[in-house]
Every structure is written in structure tokens, then in C-alpha cells.
Amino acid sequence: MKTLKNALKAREISSLIFLITIFLLVGAINPNFLQIKNLFLIFNGSIVYVLLAVGIAFVIISGEIDVSIGATLGLSAAVSATLLRDGNSWIVAVIAALIVGATVGLINGIGVTILKVPSIIMTLGINGVVRGLSYVYTNGKWVENVPYAFKSISQATMLNSLTYFFSGALVVVFIVHMLLNKTGRGRYFAAVGDNQCGAQLIGIPVDSTKIKAFIICGIFAAIAGVIYVSRVGFVTPMAGNGYEMKAIAACVLGGISLTGGLGTVVGAAIGAVIMSSISRVLVFLQFSSDYDNTITGILLIIIVVADALIQRRVTENARRERLSARTLSDKGGYNNA
Amino acid sequence: MQVVEAPPIMDTMISVRGICKCFASNLVLKGIDLDVRSGEVVALIGGNGAGKSTLMKIIMGIYQQDKGDIFLSGEKVNLTKPALALAHGIYLVPQEPMLFPNMSVEENITLGFKDKKNELHTKILSIMEQLGWKLKLDRKADTLSIAEQQLVEILRGLLRNAKILILDEPTSSLTFNEVESLFTLIEDLKNKGISIFYITHRLTEVFEIATHVAIMRDGVITLKGPVGEFTKDDLIKGLLPPNTNLKTTQKSEVLDYTKLKPILELKNFTGYGFKDINLEVCSGEVLGVAGVVGAGRTEFATTIFGMDEFISGQVILDGEEITGLSTRTVLDKGLNYLPEDRHLNGIFKIGDAASNISSAHLRNLSKFFLNKKAEVALGEKYIKDFRIKVTGQNQIMGSLSGGNQQKIAIARVLSTSPKVVILDEPTRGVDAGARGDVYAIISQLKKQGVAVLLISSDFEEIVELSDRVVTMYQGRINHRFSKNQIDLDNLTAASFGVYEEENVQ
């Protein structure tokens, strides 16, 4: 029990160990995998997932879920890509994308808190709406001809081959981690996800905290969308489709509990690197990368089930302890009629 | 119970006047007036559903009153949310501590404060030192015992400079020593001028710790004043319905136990929430199990029924041990249970009447396909016997009245032809007419030689129906009553733990 608790304490650490183990195992089978060049490719390639996972981590830690982030990424990518194509400055494109993301997040948040729609349903519906809007906005066509100058940003590197984007993402993860864990306001998210009634009782604004989480999630999805445009260079109406599963799996793999209240964005980021490395791992093991989504899904379910079993045990034990505490420990007066 | 409308007084810490609260069409609070001055501990007692918690939740800003006013130090306030109540120095320590299990003790205490961390840290340490408590602040909350969790809750309140503390049954999950230290703490707080609402089910504690007492029943305060003015008997009287003539409740005749055989026997049966339960139930008798909520009655019943794990002891049904068997096996052996919460466990709301009645009996009605004819016959039998008002067997369960739903739930329990039935709060939320029918069904069962274990918080019901009664208090049977000893007075006293150590013959 003690080792279990210690392991739970360092949930990010165990995901990091998991990451290293996978890399070493694959490296043992195919040493080319461990070449610095390849590792940098993996890290640089994970940035979209890292951003999505960090954003959705807010929502999951607050005890909700958001399955609309793939669509939000798609729409904000389409919007920023068309603006760039039409010769607008990148600032305009970024601001427009952020507005798209924040709006979707706000709508999700209002639906979940004020209208009290379960978050899985609310965001599933919004996922459909936003994806549909992507088609309407682009007329179902690809957005191409994004200026080379913008695409080249994603190629710019520092320290040999680490992209500025990835280094920037690392800084963002660190800052967000500090805000979330070391500030009183930041801890509100975990408090709301941990014990909603308890949070209410000590005066934490539950609804507005959740709405904020959804907005932050939407904004991160939008940033991921802009980066997607820079990296890929074109946007299809299906851009970002299915990314929500990868992001949720990344969070879970990074030690964030789907019941809320537990986990860090550092964990989410590590999980995201693992998730985005799966397709490369498959290639290096000479499997088809078509298995990518299947493996992601299986991993997600295994981890969630394991987590749920542990969680159930913990709550059951707590319930029993509470009941036992109620019974008199000394012998009460007996009297047989 | 004349409560004189008193004007709010300047020297009270908190005064409530004419508080009314309605849930749906159910009037839960019917005009509550209450004053607490600085340094007073007001014990609030009352049975289940008396309205204590509702009143406290209104004071805490979780619910809003429909009518009435709250005054703090003579000033009228409008507490629309918990944050406002907190800002006014009111703090509620809930019965089940509401901590954040994944956070450290320190985080749990300091969350919601805007002050500097170091300052808060030293403040917590100084409060703990003042009170002589030891608690590691870096422990995770889910490793704390219930008592420690309660300390954290109280620390939260103290750090907020709470002037009014509400303690909701604080001792219900504490061990004896922990209760002692809690009382020392309350004395301390008293001397510091903090006002305390102390909700409890234990009358002995009232005299130990409270300065004042207020008894609630059915949404009104029936008795209040300084503790010194009352005896335990006065308090018990305040808990009873008005004008009850204690000895004249109509009873059936005394059973001749020499002719009856025990069918269900419990030997030192122990599980989570109850301990060392010894009892026998005979065919053809109704054994009442009285007690307050949380006394362990439901836990004990569900454990017999295989819905929860037991710890030790034996359950013997008709000479055969059924301890720890699965629900399905226990059912087959001839014991059935009517759950406490009909909506949660008792019925299939969108099914029709016939399928609800037959649902426990399905395995006997079908080889593979359901024998529809048999199902209809079964349904017809019970609908007629129990006078269940339905438009037809295919009426949807959810559209029936509470009383009829309950009758169907009972019919289902009986459709398995059990030798023993455990009825847990069989008339809760049931109207007066249907209640009579339920009573008739219970009497009929008795005549047919079924052993009935009747768990009820409605003591009048227990008095009316039971041949013998056991009362449970803090997870143990603390008293047994034979037929001629059963009256409201005795049951209430025993359920509230008053003559725990006495023997009455």
C-alpha cells in the first residue's frame, strides 16, 4: 500500500520513466531510433499535442472533459491560415485564432456550468458544431498557399536542432505548472475537481473556475491550431480530427486522474510526447503506423481502468473506515429481553 | 410550544427570525426563531427530517430561506452564497468532512486565502500550539483519520477568524478519546467568545458541553433555553410528537414465544458500521429495529443481504449458515430485503408495474423466454392483494404515486416467497392511506408465518407493529424491549443513547 501511495505521489515521474523505457526498448531493437536527430524529430513533432494536452489538463483537473478540442484546433487553424494567405500580419491571424478558441471554450463552459449539460455531451455537440463550421468556412476545400515566411518559423532551430516552438512550449509548460500549483487561484482548479461541494463550502466560485478551465482549454487548442498551420503549411477541413483522444490519453498517461483533482501539466506534456512518439516507434519497429490510433485507444483504456480500480478501492476503504469509526469501541449495555 | 416573537437583540452574535423553507410542496422549516450570544454553545437536537441541517445550510448561505431574516450582531444580513457567510465569520464543519483528498493538510486549510503563504503557515502553527494539537501539515488529506479530518475542518474555520461555528454531529465518527479532546477544544472556543451551534443525536453530550439547548421537530423549535433548566426527560418529551399519550398506542396481542421457532439468528455479527449484533427473529413475529440515522441499521441489513462484506460473526437462516453469501444466494435461501431508498435501489422507474413485481422472480418465471402468462398472474395477485392503484399492469412505474410504488416494491420482495423479510423504512414518503395498507400487509405477513425485521425511524410505526424491539446506537444494539415495554418514550431515549448503560426489565 505504501509503495502504491508513493507511486501515486510521483505520477509524472512514473510517466517519465515509462517514456524513457519505451525509448530504450525501441532503441535496443533498432538503434537508429536513439539517434539525436530522430529524438529531436520526436520532440519537435510533439508540440501540437503538448499544447492540446496542457489545455485540456485544466478541464480534466477541474473534473470535466472536453472532446471538442480537435475541432477547435481545426477551425482556428483554418481561420488563421486563410488570414495569412490573404496577406494579413501574423498578429491578426493569431488574435483571430485565439478569439475562436476562447469563444468555443466559453460556450462549453456555460453549457456545462449554467445549463448543467454533462461535459461529455456538451463538448461532443460543440465538436460537431465547430467541425461543421470548419467545412462551411472553407467550403470544404483545403486552405493552401500559406506564406513561406510563416511556415519557416516552425523550422527555425536553436541549440543544434531544437525548434523555437518546442523550446517555447517548454517554457509555457513550466510557467503554467507554476501558476497551477504554486498560486492560490491555480489550486482552485484542482479543488473544484477534487471535491466540488467542499470547494463551494469554503467560498471557491465553482462555476467560474470551470468556465475559466474551458476557456483556457479552448485558447490552448487555438494556439495549437496556429502552430499546426506553421508546421503543416495547409489546412484540410478535417484538420485536428481525433486529436482529442490523443490529448486525453496524454493527460491520463501523464498521471492526471479523469475523476479530477489530481495531476500536473508537466505530466500532461510528458504524456503528449509519448503519444506523439507512438507513430514513429511503430515505423522503427517496422509496423505500419496505421496502428497508431488503435494503440492510443488501448493505452487510454488500460490506464483508465487501472486508475478506476485503484480509485474504487480507496473510496471503498474510506467509506468502511468512516462506518467503523461510528461504532462504539467499548461494549455498550446489553440487555436481553 | 409558544414561541414569542422576540425582536432582534443587539448583544446576540446571531439571531434568526421567522425562518421558513419549503422544498417542493414540503414545508421543512415553519418559522424558526433562535438567538446565540457570544460564547454560547447551543445544542440543536431533533430526529431525522426535523430541519436542523436545513436551518444550518440557510445560515451558511447554501440554501436561501423563503421567509424570515438573519441578524448578525443586530444587523440584518442577506446570505445568498457560502462566500458571504464565510466573510461574516460563519463556518460550517460538516458531518462528513469535506476536504480535498488529493491535497496536503496545509493546502486544505489555506485554500481560498489571499494572504502570504508564510504568514498563513505560522498562523496555523500558532493556533495548533494554542490548542495543543499535533498534525503534520504536509500529509495528504486522504491519509487522515476522520478525527484528524475534523481537526482540519475546524482549523479552517479558526484561520478564518470564525465567530460562529456550526458543528454538525461532530462526534458521530470520533472515538472516545477524540471526543474528549474535541470537548476540551470547544471549552477553549467558548472562552474565546466564539458562538457554536452544536448539532447532535446524543442527549448526554448536551449536558456535558452545551450552554443552551434547542429541540427541533417537524420544522419548529419545540423547546429552547439554558441547559440547566431541563432534565433528560424534558428533552425526550420535546422530541416526541405533541399530545402523545405514551402508553395508549394501539397494540396487537402479546405473542406466545414458547410456540415460535427462531428462523433468523445473528451471532456476534460484525461488519462495517455495526458490531456484535446478536438477535433472533421468529417466524410470525415483527422485530422492530429502532435508532437514529447513522446508527448502523441499514448497513447491518445490507450486509446480511450480501450487498456488503461482513467482518465476523454468523448469520443463520433456518438452521443454515448464510454469512457472507451473495445476494442471489441469500434470496434463494429465503431472505429478502426492501431497501431504504426506493428511488435509488428499489424500483425500475421506467418499467411497468408487472415487470417490476416480477423482476426479482425472473429466474423462476423463465427458462429462456419469459413466461408472460405467469408474470401477468403474479402481477394480478399482488395488485389485488395489496390494493395497488394502477390503470393496468402495463402502467409505467414512475407515473405511480409514492405509496403505490412502495407497495409494488414490497410485492416484489414477497414474490420470492421469503421466510424472512427485512423492511427498511417501508413507509418513508408514503401517504397516510397507503401507509395503512402497508401496515395491513405487514400484519398479514406475520399471520402467514413470515419473520419480519422492521427498520424504521418512525417510532410510532415501530410501536404499532412490533412484537419486540431492539434499538441500535452507534453500531450496537444498546437495548432490547419486550412487547409490554415498547413505547415511544423508551424507544426515543434508547435511540438517543440515554440509557445506554442501564438495564430495564
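At what angle do the axes of helix 13 (residues 243-253) of chain A and helix 14 (residues 265-284) of chain A cross? The model is predicted, with local features requiring pLDDT of at least 70 and side-chain atom pairs counted only at pLDDT 80 or more, while totals for chains, interfaces and linings use all residues. Residues are numbered from 1 along each chain as its sequence is written, and chains are lettered from A and ligands numbered from 1 in the order in which they are written.

The axes of these two helices of chain A cross at roughly 125° and come within 7 Å. Here axes are lines fitted to C-alpha atoms, for helices over the stretch in contact, and angles run from 0 to 180 degrees between N-to-C directions. Helix 13 of chain A is therefore oblique to helix 14 of chain A (under 35 degrees is roughly parallel, over 145 roughly antiparallel, 65 to 115 roughly perpendicular, and the rest oblique). Their crossing is right-handed, a crossing being right-handed if the near helix is turned clockwise from the far one by less than a right angle, and left-handed if anticlockwise. From helix 13 of chain A, A:K246, A:A249, A:A250, A:C251 and A:L253 meet A:A268, A:G271, A:A272, A:I274 and A:M275 of helix 14 of chain A; contact requires C-beta atoms, placed from the backbone, to lie within 7 Å. Eight of the residues in this contact are nonpolar, one is polar and one is charged (Ala, Val, Leu, Ile, Met, Phe, Trp, Tyr, Cys and Pro are nonpolar, Asp, Glu, Lys and Arg charged, and the others, Gly among them, polar).

Turning to chain B, its secondary structure comprises 18 helices and 20 strands, taken as DSSP runs (helices H or I, at least four residues; strands E, at least two) and numbered from the N terminus. Helix 4 (residues 117-131) of chain B packs against helix 5 (residues 146-159) of chain B at about 115°, their axes 11 Å apart. Helix 4 of chain B and helix 5 of chain B are therefore roughly perpendicular, and their crossing is right-handed. B:K123, B:I124 and B:I127 of helix 4 of chain B meet B:L155, B:L158 and B:L159 of helix 5 of chain B, a contact with five nonpolar residues, one charged and no polar.

An automatic or database domain assignment supplies the domain bounds, dividing chain B into domain 1 (12-239) and domain 2 (257-495). Domain 1 of chain B gives six residues to the contact and domain 2 of chain B seven.

Notes:
Contact = placed C-beta atoms within 7 Å.
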